[in-house]
Amino acid sequence: MRGGNRPPLSSDKRFGRLPVEVCVELTRVRMTAGDIASLSIHDIIPLGHVAEQPVTLSVRGYPFATGELGMAAESLVVKVVGLNGEDG
């Protein structure tokens, strides 16, 4: 057991029901304030991110996993391919 006699947090049933917002980050793009101010509907912002590159999954700014983008039933999905602190 971790932390003395306490069970791991993942075994706490209350923890499993706690809703959290997961952020899937493709990349960050640097733009000037002028570029942002001049954006119009239908403008395209190049991301420089290849679809096969991993994406980062985070909660409240803390990365916890990496994933790959894919499609399932006509929806964009993320397949988890790595968890921080674990192999495979």
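Buried means under 20% relative accessible area, exposed means over 50%, and partly exposed lies in between (1.4 Å probe, protein chains only). This is a predicted model, in which local features need pLDDT of at least 70, side-chain atom pairs count only at pLDDT 80 or more, and totals for chains, interfaces and linings use all residues. Residues are numbered from 1 along each chain as its sequence is written, and side-chain values use heavy atoms, with hydrogens and water left out.

**View 1. The protein chain and its confidence.** The protein chain holds 2 helices and 4 strands, in the order α-β-α-β-β-β along the sequence. Helices (H or I, at least four residues) and strands (E, at least two) are DSSP runs, numbered from the N terminus. The mean pLDDT (the predictor's confidence in each residue, from 0 to 100) of the protein chain is 84, and 84% of the residues reach 70 or more. Confidence is highest in helix α2 (residues 33–37), with a mean of 96, and lowest in helix α1 (residues 13–16), with a mean of 74. Of the 88 residues in the protein chain, 8% are buried.

View 2. Strands β2 (residues 55–59) and β3 (residues 62–72) pair in the antiparallel sense over 5 bridges. Two strands pair if DSSP finds at least two bridges between them. T56 has T66 in β3 as its bridge partner. The hairpin has 2 residues between the strands, and R60 takes a positive phi near 55 degrees there.

**View 3. The hairpin of β3 and β4.** Strands β3 and β4 run antiparallel and are joined by 8 bridges. E68 stands opposite K79 in β4. With 2 residues between the strands of this hairpin, A73 takes a positive phi near 50 degrees.

View 4. S58 lies in strand β2 and is buried, at a relative accessible area of 9%. Apart from neighbours within four places in sequence, S58 is in contact (heavy atoms within 4.5 Å) with E21, V22, C23, P63 and F64.

**View 5. V24 and the nonpolar patch.** V24 belongs to strand β1 and is partly exposed, with a relative accessible area of 39%. F15, L18, V20, V22, V24, F64, V80 and L83 make a nonpolar surface patch of about 660 Å². Such patches are made of residues with over 30% relative accessible area and no salt bridge, with nonpolar side chains (Val, Leu, Ile, Met, Phe, Trp, Tyr) joined within 5 Å and like charges within 9 Å. A salt bridge is a side-chain nitrogen of Lys or Arg within 4 Å of a carboxyl oxygen of Asp or Glu. Accessible areas come from the Shrake-Rupley method with a 1.4 Å probe. β1 (22–25) and β4 (75–83) each supply at least two residues of the patch.
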